[in-house]
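Take a moment with the sequence and the 3D view. Then follow the fold from its overall plan down to single side chains.

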Amino acid sequence: MPQRTIVITGASDGIGAAAARNLARAGERIVVVGRSPDKTAAVGAELGADYFVCDFAELAQVRELAAALRERYPRIDVLVNNAGGIMRGHELTVDGHEKTFQINHLAPFLLTTELLDLLTASRATIINTSSAANGFGRLDLTDLNSERSYSTNRAYGTAKLANILFTAELQNRYGKDDIAAAAFHPGVVATNFAAESTSWFRHAYKTVLNRFLLSAEQGADTLVWLATSTPGRDWVPGAFYIKRALAKANSQAYDAGLARELWDRSLELLRAGEPSEKSELDNA
């Protein structure tokens, strides 16, 4: 098979870096995207891969990343939206959005929609890193900034629920164009995830409990499987997976109307803050 181009965000550490290494060994052309300049450059150098630095807390950087990817690559075969995390507390980004919601949902939604024409032309697979934490999320389209009610864990769970809804609606809208989307839970992985947050999750990553967690390579297994297997044959597009198997998600994840409304509301939020020149969002 010809070498494919696979873009992985959040690839400077953890399961993103592990997946990048695994896929590079398989002969794929990997594009590493990360927030830390030093870590991202190091992974890129290790793999002999192109790399881009992008902080999802600033949507202008996401737009610049999308433009750079469009300019550099004539096709993108797989886009892995893996960047994300739990925050310290309620905080708004420079774009005016609650930070958990922006980094985990709105920024990857923007990156994907900015690349949609390239992705559809490439008949691409889009993989969204979600979490079993979606189970304690609750999406309220009238309070996406969590102004009326906020907790660190619920905000994260809601953002991971949004990943699953985005996956379903992406498949609904663009499956006919041979796009294949999937969301997955990597498991509880021994990385620096949540270490700087106020969530109780951080205790598992800093204490003796760490020895019972999955390795980054184990956590990346389902991601790599989705990226290297055949959608429609090996897995059902538009669905949520755990350990290479269909998994049950939050009941809101199966609300097609909510998925459609979240897509439309996300576009509205992005258009309100986008530059005046024409954006790919006009076609999303």
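Predicted model: local features only at pLDDT ≥ 70, side-chain atom pairs only at ≥ 80, totals over all residues.

Residues are numbered from 1 along each chain as its sequence is written, and side-chain values use heavy atoms, with hydrogens and water left out.

Start with the whole chain. Its secondary structure comes to 10 helices and 8 strands. Both kinds of element are DSSP runs, numbered from the N terminus: helices are H or I with at least four residues, strands are E with at least two. Of the 284 residues, 56% are buried. Buried means under 20% relative accessible area, exposed means over 50%, and partly exposed lies in between (1.4 Å probe, protein chains only).

Two strands pair if DSSP finds at least two bridges between them.

Look at β1. It runs parallel to β2, and 4 bridges join the two. I8 stands opposite V32 in β2. T5 and V7 point one way from β1, while I6 and I8 point the other way. All four of these residues are buried. Further along the sheet, β6 (residues 180-185) and β7 (residues 240-242) also pair in the parallel sense, over 3 bridges. Here F184 has Y241 in β7 as its bridge partner.

Helix α6 (residues 152-174) has 23 residues. From first C-alpha to last it reaches 33 Å, close to the 33 Å expected at 1.5 Å a residue. That expected span is 1.5 Å times one less than the number of residues. Because 19 of its 23 residues are buried, α6 is largely enclosed by the rest of the structure.

Helix α3 (residues 59-72) holds V62. V62 is buried, with a relative accessible area of 0%. What does V62 touch, not counting residues up to four places away in sequence? The list is C54, F56, A107, L110 and L111. The C-alpha atoms of V62 and A107 are separated by 6.7 Å, although the two residues are 45 apart along the chain.

Turn to the aromatic residues. The structure holds 7 aromatic pairs. Rings of Phe, Tyr and Trp (its six-membered ring) pair if their centres lie within 6.5 Å; planes under 30 degrees apart count as stacked, over 60 as edge-to-face and the rest as tilted. The rings of F109 and W263 have centres 5.0 Å apart and planes at 80°, so this pair is edge-to-face. It links distant parts of the chain: F109 sits in helix α4 (residues 99-114), W263 in helix α10 (residues 256-273), 154 residues apart. F109 is buried at 0% relative accessible area, and W263 is buried at 1%. W235 and Y241 make another edge-to-face pair, with ring centres 6.4 Å apart and planes at 80°. Both W235 and Y241 are buried.

F109 and W263 also belong to one aromatic cluster with F166 and Y174. Y174 has a charged neighbour as well. K176 lies over its face, at 5.6 Å from the ring centre. A charge sits over a ring if NZ of Lys or CZ of Arg is within 6 Å of the ring centre and within 35 degrees of the ring normal.

Finish in the loops. Most residues other than glycine have a negative phi. S146, in the loop between β5 and α6, has a positive phi of about 55° although it is not a glycine. R244, in the loop between β7 and β8, has a positive phi of about 65° and is not a glycine either. Is each of these two residues buried, partly exposed or exposed? S146 counts as buried at 15% relative accessibility, whereas R244 counts as partly exposed at 43%.

Conventions:
Contact = heavy atoms within 4.5 Å.
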